[in-house]
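Colleague: Hi! Could you walk me through this one? I'm new to it.
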Amino acid sequence: MPTRLVCSSSATNHDGRLSSCSWVHMTSHSGHLLPSHRLTVDPTQHPASSLILKLRRRDEVSADEERVIKELVQAPVCIAGGADIVSEGDRPISSTLLVEGFAARYKVLPHGGRQMTALHVPGDFVDLHSLLLKEMDHGVLALNECRIVKVPHALLRRLTETHAHLSRLFWLLTLVDGAIHREWVVGMGRRSAKSHMANLFCEIYSLLEVVHLAPDFEFMLPVTQNDLADILGLSSVHVNRVLQELRASELVSWVGGKMKILDWAGLRDAAEFDSTYLQLQREPR
Amino acid sequence: LGAEGLSQMPKYFFDAHDVYDLVDEVGVEFPDLQAVRRELARTMAETAVDLFPANPSLRELSIEVRDEARMVVLRAYLTFRTESGS
C-alpha cells in the first residue's frame, strides 16, 4: 500500500514561522472523496498535483515533463496561518510552491498600513520570480495553515537549461501573476467597490476550479474581513457593506470561511468579469 | 464570517443610509471608538466615490454605529453640495 507523509491539521498559532503540526503516516486507500468533490487538497496526492493541473489547463505537459516536475517538488513542510513564508528583504535560495492553503503577497507601510498585492492558491509558486529578482521587495504570508515545498533555485536554473518548454510554462506562470496584478490595479483604480470585490471572487473561483477545489461553485476562502480590506485596498467597514450588498443580491454566501457562488452569471455581470487574463486556454506555449 | 480568530476586540455594527438602507448584521471589530472614527472617515470617502457620481439626486451619506448591545454610539454624515454660479 503506498504510504505518503502528510501533515496533520493543528490549531494555528500566529507567533511562529513554523507551526507545531506533526507528521503522520497515512495510506492512500482511506476512502477519501473524489478530487472533484473536495474543498481542500487531497493529502494523499503528490504535492505537485495542483501545479500540474494548473499547467495542463494552459498547455500539454508530457509524461517526461510531469516526471521532472514531480522530482523537483519534494518534502512538503507546514507553515502556521499568519506566519511569513518569505519575508521582505530575504534573499531566497529556493522558490516556494504552495501545496495546500492560501497565501498572500503583501507590503507594509511605515505607519502600519498593509496592502496585499496578490493571493495564492494551491498549485501556485508564490515567489518563482525570486529565482531572478534575488532580494524580496515584499513578503509572502500564510493566510491559513499551509503546506509548502521549497524548490532550490539551483534545480530551477538547471531546468531552464535542459527543459525549454517547461521553462516557458514556468515563465507563463509569472506572466499570469503579472496579468492578475494588472486586473487588481484596474479594480483599485477604476471599479466600484462592489464590482472590484465581485471580480476578486470570480477570479478566486476561476483559479480554484482549475485545481479542482471549487466543486459546485463552493470553495474555502480562509480570510478575515480585515484581510479582504487589505486585499481590495478598502476600509473594513466598506468591505462589510459591500459584502452585505452581494449577499442581499443573493450572488454569494460566505459562512465559516466557506464561500458559495449562488449566481455565477449575476456575479460575473456585477464584476464585468472577463477571464481572458487568466489564460485558461490549452494551447502551445 | 470568514476565518475570524478569537478576538478580544469589541464589535461594532454599521447601518448605512444612502441609496440603500443597509442594516449591518455582521459587524466589524475595532479596539475602540477612536479607531472606528478613523475607519469611518475612509469608509465615507470610499462610499462617496461609488455613490455620488452614479446617483445625481443623492445629497448625503450617513452611517449609524451601534455597539454589541445594539445601542447607537456614533452617527457620521457626509454631505455633497453643489451651487450654480450666478
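Colleague: How do strand 10 and strand 12 of chain A pair, parallel or antiparallel?

Modeller: In this predicted model, strand 10 of chain A pairs with strand 12 (residues 258–261) of chain A in the antiparallel sense, over three bridges. Strands here are DSSP E runs of at least two residues, helices are H or I runs of at least four, and both are numbered from the N terminus. Two strands pair if DSSP finds at least two bridges between them.

Colleague: Which residue is the bridge partner of Phe219(A) in strand 12 of chain A?

Modeller: That is Met259(A).

Colleague: And in what order do the three strands of the open sheet come?

Modeller: The order is 10-12-11 in chain A, with antiparallel pairing. Strand 10 (218–220) and strand 11 (252–255) of chain A are at the edges with a single partner strand each, so one side of each has no neighbour in the sheet.

Colleague: Before we go on, what should I know about the numbering and the cut-offs?

Modeller: Residues are numbered from 1 along each chain as its sequence is written, and chains are lettered from A and ligands numbered from 1 in the order in which they are written. Local features need pLDDT of at least 70 and side-chain atom pairs count only at pLDDT 80 or more, while totals for chains, interfaces and linings use all residues; side-chain values use heavy atoms, leaving out hydrogens and water.

Colleague: Thanks! Where does Phe217(A) lie?

Modeller: Phe217(A) is in the loop between helix 6 (193–210) and strand 10 of chain A. Phe217(A) has 27% relative accessibility, so it counts as partly exposed (buried is under 20%, exposed over 50%, with a 1.4 Å probe and protein chains only).

Colleague: Which residues does Phe217(A) touch?

Modeller: Leaving out residues up to four places away in sequence, Phe217(A) touches Tyr205(A), Met259(A), Lys260(A), Ile261(A) and Trp264(A). Contact means heavy atoms within 4.5 Å.

Colleague: New topic: how many residues does each chain give to the contact between chain B and chain A?

Modeller: Chain B gives 23 residues and chain A gives 23 residues. Together they bury about 1800 Å², 53% of it on carbon and sulfur atoms; that is the accessible area (1.4 Å probe) lost on being put together, summed over both.

Colleague: How many salt bridges are there across that interface?

Modeller: The rule finds one, between Asp18(B) and Arg241(A), with the closest N and O atoms 2.8 Å apart. A salt bridge needs a side-chain nitrogen of Lys or Arg within 4 Å of a carboxyl oxygen of Asp or Glu. On the side of chain B that touches chain A, strand 1 (11–17) and helix 1 (33–54) of chain B are the elements giving two or more residues. Helix 1 of chain B provides the largest share, seven residues.

Note on methods: Buried area is the accessible area (1.4 Å probe) that two parts lose on being put together, summed over both.
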